[in-house]
4 protein chains.
Amino acid sequence: MPGNTFGHAFRVTTAGESHGPGNVVIIDGVPPGIPLTVEDLKVDLDRRRPGQSKIVTQRNEADEPEILSGVFEGKTTGTSLAILIRNTDQRSRDYSDIKDLYRPGHADYSFDAKYGIRDYRGGGRSSARETNVRVAAGVVAKKIIEAAFGGKVIGYVVQVGDIVAQIDDPAAVTLEQVEKLPDGSPNVVRCPDVAAAQRMVELIETLRKDQDSIGGAAEIVATNIPAGLGEPVFDKIKADLAKALFSLPAVLGVEYGVGFRCATMRGSEHNDEFTPSPEASAESSRRGLPGVPQVATRTNRHGGMLGGITTGMPIVLRAAVKPTSSLPREQRTVTRQGELATIRTRGRHDPCLLPRFIPMAEAMVAIVLADHWLRWRGQCLP
Amino acid sequence: MPGNTFGHAFRVTTAGESHGPGNVVIIDGVPPGIPLTVEDLKVDLDRRRPGQSKIVTQRNEADEPEILSGVFEGKTTGTSLAILIRNTDQRSRDYSDIKDLYRPGHADYSFDAKYGIRDYRGGGRSSARETNVRVAAGVVAKKIIEAAFGGKVIGYVVQVGDIVAQIDDPAAVTLEQVEKLPDGSPNVVRCPDVAAAQRMVELIETLRKDQDSIGGAAEIVATNIPAGLGEPVFDKIKADLAKALFSLPAVLGVEYGVGFRCATMRGSEHNDEFTPSPEASAESSRRGLPGVPQVATRTNRHGGMLGGITTGMPIVLRAAVKPTSSLPREQRTVTRQGELATIRTRGRHDPCLLPRFIPMAEAMVAIVLADHWLRWRGQCLP
Amino acid sequence: MPGNTFGHAFRVTTAGESHGPGNVVIIDGVPPGIPLTVEDLKVDLDRRRPGQSKIVTQRNEADEPEILSGVFEGKTTGTSLAILIRNTDQRSRDYSDIKDLYRPGHADYSFDAKYGIRDYRGGGRSSARETNVRVAAGVVAKKIIEAAFGGKVIGYVVQVGDIVAQIDDPAAVTLEQVEKLPDGSPNVVRCPDVAAAQRMVELIETLRKDQDSIGGAAEIVATNIPAGLGEPVFDKIKADLAKALFSLPAVLGVEYGVGFRCATMRGSEHNDEFTPSPEASAESSRRGLPGVPQVATRTNRHGGMLGGITTGMPIVLRAAVKPTSSLPREQRTVTRQGELATIRTRGRHDPCLLPRFIPMAEAMVAIVLADHWLRWRGQCLP
Amino acid sequence: MPGNTFGHAFRVTTAGESHGPGNVVIIDGVPPGIPLTVEDLKVDLDRRRPGQSKIVTQRNEADEPEILSGVFEGKTTGTSLAILIRNTDQRSRDYSDIKDLYRPGHADYSFDAKYGIRDYRGGGRSSARETNVRVAAGVVAKKIIEAAFGGKVIGYVVQVGDIVAQIDDPAAVTLEQVEKLPDGSPNVVRCPDVAAAQRMVELIETLRKDQDSIGGAAEIVATNIPAGLGEPVFDKIKADLAKALFSLPAVLGVEYGVGFRCATMRGSEHNDEFTPSPEASAESSRRGLPGVPQVATRTNRHGGMLGGITTGMPIVLRAAVKPTSSLPREQRTVTRQGELATIRTRGRHDPCLLPRFIPMAEAMVAIVLADHWLRWRGQCLP
C-alpha cells in the first residue's frame, strides 16, 4: 500500500533521498540467467547523470552503481536484485537558508502537509535524484524485453518552448540519432531533428543566462512489441504506461497516438484500418509468441494500443514536462509558519529538464513492458 | 497481478462482460458505518445509463444494482461490499455477423492476440459496459471523501469536436450546472457553458445522422481536498489519477493544471506563488486534519498537486476521449484468419462518448482520492 | 491491503455474509481455454454442503453456483471469473435472541471491537458460509494444476477426539477412499481408515446427543507437484500453504512433514537423503517442465518442501481443527454493554467440523499451488 | 507477485545473499516521527548475531547496520526506510567442494529446480543470513506497536529435544528472563525456565561434539494488543502470523492457544468464557482505541485471536524448528547431474537453531502486528 513500489511481476521498490547516503532499488521478479554487469547499468546512468553537458545541472555525481545481490557469475539468479548508488556531491549547505520556506512549484509544502516533516535538504525523497535507481532498473527491464522479443524503447525530445521538432516516423528514430549529431559530437538535447536540436540548445542557454527555465515535451517509442500485452480493464497497458510517466517529476501531461488531437476527429477519420502482416506473423512464430495471425494497421493513430492491449504496432507516447521550479531569481512564498516571505533558490539546477528526462522515461516504459510481458507469460502462455 | 483490481486501501475488483449475465464489483476496505442504499447508487448509474437522452446510445439497460454484501441495517459493515448489475438488453444477435472480423479501433484483435479468444458478443470484457460497476463503486468513494473532508468531484464536457467550452473557474462549476440547463431541462451533453452545450448537441446529432462519431474532452475537478494526499515517488497522486482516467475506454490523453501548455512556459511564468490561507487552516483544524498551517497559491497552474502530493488547491484534470470506433458505415479490416474484408458495425452506439464519460471519470477520480485518504490515515495520522 | 483477496497470479477475492443475499467470488488470473461448467463446481460444493449427512449441520443450503463471467462457450476466457452462490436457508430469527451477546469461541466480540458493528445474523462475514465460494475457486485451481502437471490435492480426516487414523502412505490415499466406504456407501466422516471412520462417526453422534462438539485433525496431500514452486524468502510455499489453511475457520495449528515431532529429532535422523529419480525426470521432460534432473528422497520427513520450494516429493500437511464453538448448552458470557450473562446458541451446527473441512482445505491448497505455478511460469520459464 | 516483500501497510522488501556484498531491506509505510538510531537496531541484531555464545555458530559477523534513508534528524520521515548490513565473514571457500552436490535438508536442489541456478556459496538467497535485515525491520515494527498501544512481543525457547520448559504464564515472561540467568550471566539458550535452560545447553553441547544437531520449539507472546486487529477472511491475524513464522527457515509447525491439543477437546471444555474487563476498557479509552467495552476471557485457550481478529487477550504462538541440516558428518545425496554421492558439510553451523531463532520470530510477529495496526487505523478509525 505504501507508494515506493512499482509493477507486479517485475517489481521495483526504491528508497533514498537527495542528501542522504544514497539511493537503493530492489528489483524483484527478474528472470534468472540474464547477463548483467555494472557497465550495463552505467550506459543509461551516464545519460541521466548531472554534469554531462553544459545545458544540464553542473552538480557532479558519479552515479556509480553497486550490485548488492541477485547476480552470480555475471548472470541474474532470479532472486531479488539490489542496486545501490551512493550520493557523493551533496552540498547540503546550499539549502540551509530555505529551511523554513516553501519553494514555489516544489513539493516542500505538500510533503510537509503529508508527513509533518520539512526535509529541507534539496527535496529529500521528493528530489529527482531518486530516479537514478529507476534508470538502473530500466536497464534490467530493457534487457528482458530485448531478449524476449527484440523489444526496444527509445525516447527523444520533441519540443522545448516554442521549438517543435519534425519527426517523420517515430518508429524509425535510432539511439544513435538521439545521442549523437551527424558530426559525431554529443546531441546534448537529445532531439533527433538536428536543426531543431541546435535551436533548442540556444534557447536553453539563453534561459539559463536569464536565471530562468523552460518546459518541453518528449516522445517515447517502443518497437517490436508483440500484440497481446496489457489487461482489458484497470491495468490497460496505456494506463500503466501513463502512471509510469506521470510518476516522474515535472510531468503535467501524457498522450499516445493522436492524443489530444482526437478531440476534434471523427470516427471515420480516426479509426486505423487493419491489414494483414505476413512479416509480423513470421517473426512472431519464429519467437514462439501467441498464435493468432499478426495483423498491422495502415496508419498508427491508435499509438500501438487498443482496448488496453498492445496491437503489435509501435507504441508512441508523449509527455509534457514543466520548466524547472528552482529558480535563482526571487519569488514570493510563505514560511512554514504561514508568513509571507521571498525566496531565491541557489543550488545548481537544470535550465531545462528534458535532456535528462529521456533515460528516465525510457526506463519507466521498459519497466511496464517487462512487467506485462512476464504477466502475459504467466497467465496466457498457450 | 492480474488486472481487474484497482486501488490499495480502497480496493475495487470487477468482473463481467457486455453480453454475459451481468457485472459485479467487490469493494474492499470500505470504512464501517457509512450510510448506503441502492438509491444512492442509482443517482450516478442513471447519469451513465444508456438511453438517457437522444444523443447517447439507445440501448435500454435499466442498470439496477443489487447490494450483495457489506451493508447491514443501511450502513456499511467494513467487510467486502459486493454490487451486482445484471445485463438485460443484450441482443447478442447484433454481433453474430462480425464473429470472425476485427472491428477497427476496437480491442477485438489485441484481445484475441492476448488470450487466443474472440468473444464477439459486443466486446465482451472489453466493452465499456463494465464501467457501470465502477460508477457504483465511485458512489461509495464519493461518500467517503465527502464525509471525511467535504471533498467533491465534478466532471463536465469541455470540448466536442471543434467546439470548446469557456469555463472561467473550474472549481466553481456545480453539479446542477452540469446536469440541468437554466430552463430546468436536462443538460444532455453535460457542458456547463450553455451556449457551447447547445452547439455540441447539434454537432453530435449531425454526426449521428452522418453515421459517424466525434471525439472531445472532459474536465474533472476535485475540491475541498486536503493538502497531503499522495506519495512522493511511484504513487504520486497525479500518477494514480492518470492511471485511473486512462483505465477508462477511449481515453488518449490526460493532463492536469496547465497540462501540455507547460511545454512553452518559462519557470518564472509557471510557478504558482504560495500565499497564506487562514480560511483553509481554520477548516482543516475544524476537521482534525494534518497540523501544518494551510497555504494556498495565487494561481492554480499546478492543478492542485505538487511533487505527487495534493496542495489543498482544487485538482483540475482533463482527458481526451476519442470518437466512438463502432460505425454503421463500411470500414476495411481483416478476418481472424488474416484475410482482407470489410465491416459495418450495426448495434446501437453513442455518436459521442463524452456525456456518459463524465460519471465514469468522476467515479475513478473519487476512487483514487478515497484510496489515498485511507492510506494517509493509516500511515500519517499524527 | 484489505483482507478479502488471496493469491497473486491466481487471485481470489470474495464477499458475502451468512445471512445476506449470498456469496460471490471473483477469480482473476485464470488462464484462458480451461473447460469449466457449473457441474464441475458442484462436485466439491456438494462435498462442503450442509445437510449432506447425519453427522453435519442440518441446515438446507443447495449451494447452486451461477457463473457470472469469465466463461464463454464452455471455456475460461482469461478475464475475471465471477461465481455467485445465493443463500437460501437463512432463518435469521435463530439469532435474534443473541443480538446483544457475544458467543464464546466466536468472532462476535473481536469483530465488534474491530468494526464497531455487531452483525448478529449468525456470524455475518465471520461465518464459515463464505467458504463455499472458496471451494468453487478451488475447483478452478484444481483444474489448472491437473492440466499443467497432473497435480492432485486430496484431503482426509486423520483424527477426531482421541481416535487417530492409521495412514500408511499419505500419497496413496484416493478420492474414492475418502468419499466411499468399501461397501459403496458414503464415507461421511471422510477418513480413509475404515475402522477409525466407523468409530469417529459414533463419537460424533454421541457428542451431538450430548449437546457438545469435538475437535480433530485433517491431512492434505498434494501429489505430482513439480520441484521448483515457491519462493526462497517470504513467499515460501510452506508459508503460503500455512496461511491458506489458517485462513479457514477453526484451525489452531498447521504442520508439514514430521511437523512438531521435529523438535525431538537430531539432524542425522531428520534429514532426508536425496536419490536419483529417473521416472520423475522422464515425466518432467515429457511435460516440458524445468530442466534439472529430477531427484527424490528416500523418506519424506521434509513433507515435499525445502527452503520454501517444492522438491517434487508429495506435499503432506496437517491442520488441527477446534470443536465447534456454537453449543446448544448454556455458557457464560458478557453482553455488548459489558454485563455478565448466559447464552445458549440454538441454530443448527456441525457437532464436528472435520468432514466439511476437507473440501475447504483442499481448495485452499490447490489455490496456492495454482498461484505458484503461474508465478513460476511467468518468471522462471526457460 | 515475486516473493521478497512482506506486509501491506507496513511493507518489508529484502534482498541479499549469504556470500554477496550484504543484505538490504526497504521498509515502506513507516509512520513519520518515530525516533530511530543504529543503536536501536543493534539491540536485536546482537541477539541474532552469529558468535554470540558457545552454543551457536562461531562465524564472526558484526552485523553493523547502515540506515540509507528514511530517517532525518533522528526520526523516521515516513518515506521508505532502507537498511544495509554488509557481510564481512564469508569464507566462500568452505563451500567450493560441494559445488555440484545437493546438501540433504537444504534448499540446494529445490532452488536449482526453480531457477536453474546452483548458488553454492552457502545457500545464497536461501541462507538464514537474510533474516538479519528482517530483525532490523522488526525493531521498527516493535517501536510502532509500543508507541501506539504499549504492545510488546517476547519470544523464548520452550523445547530442545526432549527437554520441555515449564512456563506457568506466557504473558508474564520478561525480556530480562529470556536474556539473563538469575546470576546475571547470559541466558544463552533463551529459555526462561532456568533448570530446563541448563539442561538444554548441556544437550546442545553434547550434540555439537557428536557432529549432530537437535530440533526444538519456541513460544512467542504478544501482550497489550488491542482487540480488533486482523481481518475476518483471508488475512486473519492468525493466518498472517502463521505465514510470518513459516517464512522463517526450518519451521515445520505453528500453533496458537491450545494448538494441536484442540483435536481431542470438546466444545464445552474448549470455549473460553467472556468476562468484563474494566481495566482493559479504561486503558483502551486512555489510548483513544476503539470504543466497545473491553472484555476478557477467564482462560486463554483461544490464544488471543477469534475469527481471525485479536480479542485483547495475550497472543500465544508456538513454532517447531527442525534440527540444523548442515552436518559435518557424512550423508548420502546426489550430484547436480543426478549421480549418487556422499557429502560432508564443513562450514560453521548452529548445533541448535532455537537460541538465534527467537529474535527472528519476534521480528516477524511484530511486523504482522504493526501492519495490521496501520491497516486498522486506515480503515476502521471511528
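1. A word on terms to begin: buried means under 20% relative accessible area, exposed means over 50%, and partly exposed lies in between, using a 1.4 Å probe and protein chains only. By that cut-off B:E362 is buried, because its relative accessible area is 1%.

2. Please keep in mind that this is a predicted model, in which local features need pLDDT of at least 70, side-chain atom pairs count only at pLDDT 80 or more, and totals for chains, interfaces and linings use all residues. Residues are numbered from 1 along each chain as its sequence is written, chains are lettered from A and ligands numbered from 1 in the order in which they are written, and side-chain values use heavy atoms, with hydrogens and water left out.

3. B:E362 has a charged partner: its side chain meets that of B:K142 in a salt bridge, 2.7 Å from N to O. (A salt bridge here is a side-chain nitrogen of Lys or Arg within 4 Å of a carboxyl oxygen of Asp or Glu.) B:K142 lies in helix α3 (residues 131-149) of chain B and B:E362 in helix α9 of chain B, so the pair ties together parts that are 220 residues apart in sequence. Helices are DSSP runs of H or I with at least four residues, numbered from the N terminus. B:K142 also counts as buried, at 18% relative accessibility.

4. Chain C has a salt bridge between C:K142 and C:E362, with the closest N and O atoms 2.7 Å apart. Here C:K142 sits in helix α3 (residues 131-149) and C:E362 in helix α9 (residues 354-380) of chain C, 220 residues apart. C:K142 is buried at 18% relative accessibility, and C:E362 is buried at 1%.

5. In chain A, a network of salt bridges links A:D44, A:R47, A:K142, A:E179, A:R190 and A:E362. Over all chains, the structure holds 148 salt bridges.

6. Do have a look at C:R49 and C:D46, whose side chains form a salt bridge at 3.9 Å, N to O. C:R49 is partly exposed at 22% relative accessibility, and C:D46 is partly exposed at 35%.

7. What does B:H372 touch, leaving aside its neighbours within four places in sequence? B:H372 is in contact (heavy atoms within 4.5 Å) with B:L229, B:G230, B:E231, B:D235, B:I237 and B:D240. This histidine is found in helix α9 (residues 354-380) of chain B and counts as buried, at 2% relative accessibility.
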